[in-house]
Amino acid sequence: EVFSCMPIKHNHIYKNGTVIFYNQVKNYFNTRHVWPSNDGLFCSIQHVVFPSDDTFYNLLSTNQLRQLNKNKSIHWISKDIKNIKFKPLKEFLIGELKISQFTPEDFAANYDSKIFKNCLPNWFVDFYKWLNTKNNLWEKSSEKHSSLQSPNQFSASFRHKEIILLNDGT
């Protein structure tokens, strides 16, 4: 793999010349459209999103991802990049290049039923299956909440969101 021979970790830096090369590699990856997206385009690092959960590739289209993030120019990073088993690459993407990550909590916090109102019932079945594995996003908290707490305290939860598909399609 090409990434295994590149200086993408600080501990690969031994001499001043390597520092310069490392900075050039980092600058190149930060400023060029070299990152493949899941929909076949090459994008800058600012326009690709790293899903923390592989299920997102099937559950959320690029358009839905854009609507959830209110950003019309983002894409999922390619599954090929996401699934590379070279751990330093993931650390480089997240730690050095600051690639945006999308987590289940982000999904819950940004969920808007209007985005998903036209989805087929099968999408909801897949969503419910996924959500069933994420208890922290839907179970009632065991803590007693004070009436003085902010209404945003539940933003990273689906518990108070419109996620039930009724027979009439609403």
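Me: Let's begin with strands: how many bridges join β3 to strand β5?

Reply: Before the count, some ground rules. This is a predicted model, where local features need pLDDT of at least 70, side-chain atom pairs count only at pLDDT 80 or more, and totals for chains, interfaces and linings use all residues. Residues are numbered from 1 along each chain as its sequence is written, and side-chain values use heavy atoms, with hydrogens and water left out. Helices (H or I, at least four residues) and strands (E, at least two) are DSSP runs, numbered from the N terminus. Two strands pair if DSSP finds at least two bridges between them. Here β3 and β5 (residues 100–102) run parallel and are joined by 3 bridges, with F50 having Q101 of β5 as its bridge partner.

Me: Which bridge partner does V48 have in β4?

Reply: That would be H75. β3 pairs with β4 (residues 75–76) in the parallel sense, over 2 bridges.

Me: And which residues of β3 are buried on each side?

Reply: Buried means under 20% relative accessible area, exposed over 50%, and partly exposed in between (1.4 Å probe, protein chains only). Both faces of β3 are covered: V48 and F50 are buried on one side, V49 and P51 on the other. Over the whole protein, buried residues make up 35% of the 170 residues.

Me: How do I read a helix face? Which residues of α5 are buried?

Reply: Look down the helix axis and check the arc, taken from the directions from the axis to the C-beta atoms. In α5 the buried residues are P88, L89, F92, L93 and E96. They fall within an arc of 140°, so they line one face of the helix. Just after α5, K98 takes a positive phi of about 60°.

Me: E96 is in that buried set. Which residue forms a salt bridge with E96?

Reply: Side chains of opposite charge can pair when their charged atoms come close. The rule for a salt bridge is a side-chain nitrogen of Lys or Arg within 4 Å of a carboxyl oxygen of Asp or Glu. E96 pairs with K26, their closest N and O atoms being 3.2 Å apart. K26 lies in α1 (residues 16–31) and E96 in α5 (residues 87–96), so the pair ties together parts that are 70 residues apart in sequence. K26 itself counts as partly exposed, at 24% relative accessibility.

Me: How many salt bridges does the rule give?

Reply: The count is 3. In another of these, D53 meets K134 with the closest N and O atoms 3.1 Å apart. D53 is in the loop between β3 (48–51) and α2 (55–59), while K134 is in the segment after α8 (121–132), so this pair ties together parts 81 residues apart in sequence. Are the two ends buried or exposed? Both D53 and K134 are buried.

Then there is K82 with D54, where the closest N and O atoms are 3.1 Å apart. K82 sits in α4 (residues 79–82) and D54 in the loop between β3 and α2, 28 residues apart. K82 is buried at 16% relative accessible area, whereas D54 is partly exposed at 37%.

Me: What about rings: how many aromatic pairs does a search find?

Reply: A pair of aromatic rings is described by the distance of the centres and the angle of the planes. Rings of Phe, Tyr and Trp (its six-membered ring) pair if their centres lie within 6.5 Å; planes under 30 degrees apart count as stacked, over 60 as edge-to-face and the rest as tilted. The whole structure gives 26 such pairs. In one of them, Y111 and F158 have ring centres 5.4 Å apart and planes at 75°, so the pair is edge-to-face. Y111 is in the loop between α6 (104–110) and α7 (113–116), and F158 is in the segment after α8, 47 residues apart. Y111 is buried at 8% relative accessible area, and F158 is buried at 1%.

Me: Which residues have the most contacts inside the largest nonpolar core?

Reply: In soluble globular proteins, nonpolar side chains tend to be buried together. A nonpolar core is a set of buried Ala, Val, Leu, Ile, Met, Phe, Trp, Tyr and Cys residues joined through side-chain atoms within 4.5 Å. The largest one has 40 residues, and W35, L60, F107, F116 and F158 have the most contacts inside it. The largest share of this core, 5 residues, comes from α8.
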